[in-house]
Structures are given as structure tokens and as C-alpha cells.
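Thanks, everyone. Let's take a quick look at this one.

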Amino acid sequence: LRDGVETTVWPRSAHLLKKGDIVTMCLGGGGGYGNPEMRPQARVAADVRAGLISENTVRSVYGANA
């Protein structure tokens, strides 16, 4: 947003920003694929160790213990 005007910038393009410009990025979310309860427990535990998910998330989403 510059001076109240919204401009769409397409992927793989460049746009010079000026002080005071407001940038909003809308990205596709990673909703995952498949049933989370079918994910191997070792991979879920590795995600917990890496700090990608919490133990609470494991219990509520993956139906398992970290």
C-alpha cells in the first residue's frame, strides 16, 4: 500500500519499496497431507525435538505421545 493505493506484485517479480510502504504477503498454508495419526511416531518425535511442534500438539492432533 502506497499513498492509499494497493498494488499486486506477482511471484518472481520485483518491486521497489519506499519508506512508509505497507507490504502484506499472502502465502499458501501447509495444512498437511493425510491422516496425522498415520504419521510414524519416530518422525513426530523428531519434530518435537526440533521444536517444530509441541508435545501438546502431539497429544491433540497426532493422538500420540512424544
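**Helix 1 and its surroundings**

Start where helix 1 ends. G51 follows this helix, and its phi is positive, near 80°. Keep in mind that this is a predicted model.

Now go back into helix 1. Which of its residues are buried? They are V44, A45, D47 and V48. Those residues span an arc of only 155° around the axis, so they sit on the same side of helix 1. Turn to the other side, and A42, R43 and R49 are exposed. And the cover over the buried residues? Helix 2 is part of it.

What does D47 touch? Leaving out residues up to four places away in sequence, the contacts are R39, L52 and I53.

Next, the core. The largest nonpolar core has five residues: V44, V48, I53, V58 and Y62. As background, nonpolar side chains in soluble globular proteins tend to be buried together.

Y62 deserves a stop. Setting aside neighbours within four places in sequence, Y62 is in contact with P36, E37, R39, V44, I53 and T57. R39 is also on the contact list of D47.

Last, the surface. L17, V23, M25 and L27 make a nonpolar patch of about 480 Å². Where is M25? In the segment before helix 1. Buried or exposed? M25 is exposed, because its relative accessibility is 65% and the cut-off is over 50%.

That's it from me.

Methods: Residues are numbered from 1 along each chain as its sequence is written. This is a predicted model: local features need pLDDT of at least 70, side-chain atom pairs count only at pLDDT 80 or more; totals for chains, interfaces and linings use all residues. Side-chain values use heavy atoms; hydrogens and water are left out. A nonpolar core is a set of buried Ala, Val, Leu, Ile, Met, Phe, Trp, Tyr and Cys residues joined through side-chain atoms within 4.5 Å. Buried means under 20% relative accessible area, exposed over 50%, partly exposed in between (1.4 Å probe, protein chains only). Contact means heavy atoms within 4.5 Å. Patches are made of residues with over 30% relative accessible area and no salt bridge: like charges are joined within 9 Å, nonpolar side chains (Val, Leu, Ile, Met, Phe, Trp, Tyr) within 5 Å. Accessible areas come from the Shrake-Rupley method with a 1.4 Å probe; for residues, only the protein chains shown count as cover. A salt bridge is a side-chain nitrogen of Lys or Arg within 4 Å of a carboxyl oxygen of Asp or Glu. Helices (H or I, at least four residues) and strands (E, at least two) are DSSP runs, numbered from the N terminus. The arc is that of the directions from the helix axis to the C-beta atoms.
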